[in-house]
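Okay everyone, thanks for coming.

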Amino acid sequence: MSAKNLDQRGRLRNKIVALRMSPGENEMLNAAVAISGLTKQDYIINKLLDRTVTVQPNPRVFKALKDKLGEVLAELKRIESGGTADGDLIELIRLINTTLNGTNGGE
C-alpha cells in the first residue's frame with residue numbers, strides 16, 4: 001500500500017472536486033496560478049474558500065510575470081496596429097497589476 005499524501009498541515013486530501021472551464025477561463029486560471037507561485041491545487045482551494053492568495057516573490061514568480069508581460073506587450077502592439085482589446089487582456093493586466101502591487105507592499 002502506498003504512503004498517504006499529506007499536505008503541509010498533515011491533512012489527508014483524498015476528496016476530488018472537478019469542474020469544467022472554457023479554454024479562455026483555463027488560460028486565465030493558469031496565468032493566475034503561474035503568477036501566484038502556488039500549486040494549482042493550493043491556488044484553487046484558497047480562492048474557493050475566499051482566502052487571500054499571498055504571492056511570495058521568487059524567481060519562478062518573476063519569470064511568470066515577465067512571460068505574461070511579454071504576452072501583454074504583443075497584444076498591445078496588435079491593438080496599436082488596428083486591432084481591438086478583448087476582456088481577457090484587460091483581466092490579465094488587472095491580475096498582473098494586483099500581483100505587482102502586492103509584491104512591493106502596494107507602493
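I'll start with the overall layout, then go through some helices, the salt bridges and a surface patch.

Some ground rules. This is a predicted model, where local features need pLDDT of at least 70 and side-chain atom pairs count only at pLDDT 80 or more, while totals for chains, interfaces and linings use all residues. Residues are numbered from 1 along each chain as its sequence is written, and side-chain values use heavy atoms, with hydrogens and water left out.

So, what is in the chain? It has four helices and zero strands, where helices (H or I, at least four residues) and strands (E, at least two) are DSSP runs numbered from the N terminus. The radius of gyration is 17 Å, well over the 13 Å that the globule rule gives for 107 residues, so the chain is more spread out than a compact globule. That radius is taken over C-alpha atoms, and the rule is 2.2 Å times the number of residues to the power 0.38. Along the principal axes, the C-alpha atoms fill a box of roughly 60 × 35 × 25 Å.

How much of the chain is buried? Buried residues make up 21% of the 107 residues. Buried means under 20% relative accessible area, exposed means over 50%, and partly exposed is in between (1.4 Å probe, protein chains only).

Now helix 1, residues 23–36. Its 14 residues reach 20 Å from first C-alpha to last, close to the 20 Å expected at 1.5 Å a residue; that expected span is 1.5 Å times one less than the number of residues. Its buried residues include Met 28, Leu 29 and Ile 35.

Over in helix 2, residues 40–48, we find Asn 46. Asn 46 is buried, at 15% relative accessible area. Leaving aside neighbours within four places in sequence, Asn 46 is in contact with Leu 38, Arg 51 and Val 53, contact meaning heavy atoms within 4.5 Å.

On to charges. Side chains of opposite charge can pair when their charged atoms come close. The structure holds five salt bridges, each one a side-chain nitrogen of Lys or Arg within 4 Å of a carboxyl oxygen of Asp or Glu. Take Arg 13 and Asp 42, whose closest N and O atoms are 3.1 Å apart. Arg 13 lies in the segment before helix 1 and Asp 42 in helix 2, so this pair ties together parts 29 residues apart in sequence.

Another salt bridge joins Lys 68 and Glu 71, at 3.3 Å from N to O. Both lie in helix 3 (residues 59–80), three residues apart, about one turn of the helix. Lys 68 is buried at 16%, while Glu 71 is partly exposed at 41%. Then there's Arg 94 with Glu 91, at 4.0 Å, and both of those lie in helix 4.

Last stop: which residues form a nonpolar patch on the surface? Leu 76, Ile 90 and Ile 93 do, with about 220 Å² of accessible area together. Patches use residues with over 30% relative accessible area and no salt bridge, joining like charges within 9 Å and nonpolar side chains (Val, Leu, Ile, Met, Phe, Trp, Tyr) within 5 Å. The areas come from the Shrake-Rupley method with a 1.4 Å probe, and for residues only the protein chains shown count as cover. Ile 93 sits in helix 4, residues 87–103, and at 33% relative accessibility it counts as partly exposed.
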